[in-house]
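Please keep the sequence and the 3D view open while reading.

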Amino acid sequence: MDGLKRQAAARALEHVQDGMKLGLGTGSTAKHFVELLGERVAGGMKVIGVPTSEATRAQAEACKIPLTTLDEVDRLDLTVDGADELDPALNLIKGGGGALLREKIVAAASDRMIVIADDTKWVDVLGRFPLPVEVIPFGLAATQRAMAAAFAQSGVSGQMGLRKGKDGHVFVTDGGHWIVDAHLGRIADAPRLAGQLSLIPGVVEHGLFIGLASTAVLAGAQGIRVVERR
Ligand SMILES: O=C(CO)[C@H](O)[C@H](O)COP(=O)(O)O
């Protein structure tokens with residue numbers, strides 16, 4: 001599986017040109033991309049990156065990729081990031097690695113987003129992967145009740161769980177927030193649910209990326225498949 005992730009990352013690298021401003025994704029697939037990009041930079045390619053997490057920042061710095069922020073640059077040319085699930089409309093579930101807030105800010109500030117993944121992430125309908133929802137710790141129960149109402153209005157239901165880290169403590173995002181993972185099974189109308197969740201005051205951001213990805217690079221046993229958003 002790691003080999004497939006690397007193949008997808010390598011294919012996405014072909015879209016990177018000298019002088020580009022890049023969003024750098026988070027997760028095990030994006031990690032391959034950052035590593036391969038670092039090799040190009042060492043070879044003389046000039047790019048500048050905005051990392052989507054502290055983990056990616058540390059990796060990019062170690063690879064000597066010049067970094068900037070969205071305060072210093074206006075738009076990015078391209079973001080390359082992984083995903084937990086993607087559907088034929090190239091809507092995504094992201095946030096399995098907990099970086100969904102910065103990932104969405106960076107993707108929204110980019111002219112293009114290429115999603116890189118092994119082909120097990122491709123689904124007909126989103127929702128098998130638990131939907132990460134980043135929340136403010138204050139008023140958690142009220143926020144979860146509002147989320148349950150949003151689920152009902154969007155025709156979905158399921159268990160919610162507060163994400164814990166490997167140490168058993170509540171997982172805290174780079175932004176100091178918590179994550180509720182919602183096990184919904186099948187999200188028939190992801191754009192509708194995305195809109196409903198965005199209305200909840202205690203929800204900082206959710207892991208549904210609607211209309212943000214322009215291209216998917218999927219690596220599988222049969223080779224690489226590139227899907228463009230229609
Ligand atoms: O959204 C993400 C992190 O917040 C990741 O892109 C997503 O979890 C996929 O990770 P991986 O490439 O390790 O499977």
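Strand β9 is mostly covered: of its 6 residues, 5 are buried. This is a predicted model, and every value below is computed from it.

β9 pairs with two strands. With β7 (residues 131-135), β9 (residues 178-183) forms 5 bridges, and the two run antiparallel. Glu134 has Ile179 of β9 as its bridge partner. Pro132 stands opposite Asp181 in β9. With β8, the pairing is again antiparallel and takes 4 bridges. There, Leu162 faces Val180 of β9.

## The four-stranded sheet

These strands belong to an open sheet of 4 strands, ordered β8-β9-β7-β10, with antiparallel pairing. Its edges are β8 (159-162) and β10 (203-206), each of which pairs on one side only. From one strand to the next, the twist averages 25°.

A helix lies against this sheet. α4 packs on it, touching β7 and β10. The direction of α4 makes about 65° with that of β10.

## Helix α4

How many of the 9 residues of α4 are buried? The count is 7, so the helix is largely enclosed by the rest of the structure. The buried residues are Leu100, Leu101, Arg102, Glu103, Lys104, Val106 and Ala107.

## Pro132 in strand β7

Pro132 is found in strand β7. Is Pro132 buried or exposed? It counts as buried, because 27 C-beta neighbours lie inside 10 Å and the cut-off for burial is 20 or more.

What does Pro132 touch, leaving aside its neighbours within four places in sequence? Its contacts are Gly95, Gly96, Leu100, Ile179, Asp181 and Gly207. Asp181 is the residue opposite Pro132 in β9. Lys166 makes another reference point: it is 34 residues from Pro132 in sequence and 17 Å away in space, C-alpha to C-alpha.

## The ligand shell

The ligand is surrounded by 18 residues. The closest are Gly27, Thr29, Gly82, Gly96 and Gly97. Gly96 is also one of the contacts of Pro132.

Which helices each supply at least two residues of the shell? They are α2 (28-42) and α4 (100-108). The largest share, 3 residues, comes from α2. By class, the shell holds 10 polar, 4 nonpolar and 4 charged residues.

Most residues other than glycine have a negative phi. Lys64 has a phi near 60°, a positive value in a residue other than glycine. Leu90 also has a positive phi, of about 60°, although it is not a glycine.

Their surroundings can be set side by side. Lys64 is found in the loop between α3 (54-62) and β3 (76-81). Leu90 sits in the loop between β4 (85-86) and β5 (92-93). Leu90 counts as buried, with 21 C-beta neighbours inside 10 Å.

## The chain as a whole

The protein chain has 6 helices and 13 strands. Along its principal axes, the C-alpha trace spans about 55 × 35 × 35 Å. The radius of gyration is 17 Å. That agrees with a compact globule, because a globule of 230 residues would have a value near 17 Å.

Of the 230 residues, 45% count as buried.

Key: Residues are numbered from 1 along each chain as its sequence is written. This is a predicted model: local features need pLDDT of at least 70, side-chain atom pairs count only at pLDDT 80 or more; totals for chains, interfaces and linings use all residues. A residue is near a molecule or strand if its C-beta atom, placed from the backbone, lies within 6 Å of it. Ala, Val, Leu, Ile, Met, Phe, Trp, Tyr, Cys and Pro count as nonpolar, Asp, Glu, Lys and Arg as charged, and the others, Gly among them, as polar. Two strands pair if DSSP finds at least two bridges between them. Axes are lines fitted to C-alpha atoms, for helices over the stretch in contact, and angles run from 0 to 180 degrees between N-to-C directions. Two residues are in contact if their C-beta atoms, placed from the backbone, lie within 7 Å. A residue is buried if 20 or more other C-beta atoms lie within 10 Å of its own, exposed if 12 or fewer, and partly exposed in between; C-beta atoms are placed from the backbone. The radius of gyration is taken over C-alpha atoms; the globule rule is 2.2 Å times the number of residues to the power 0.38.
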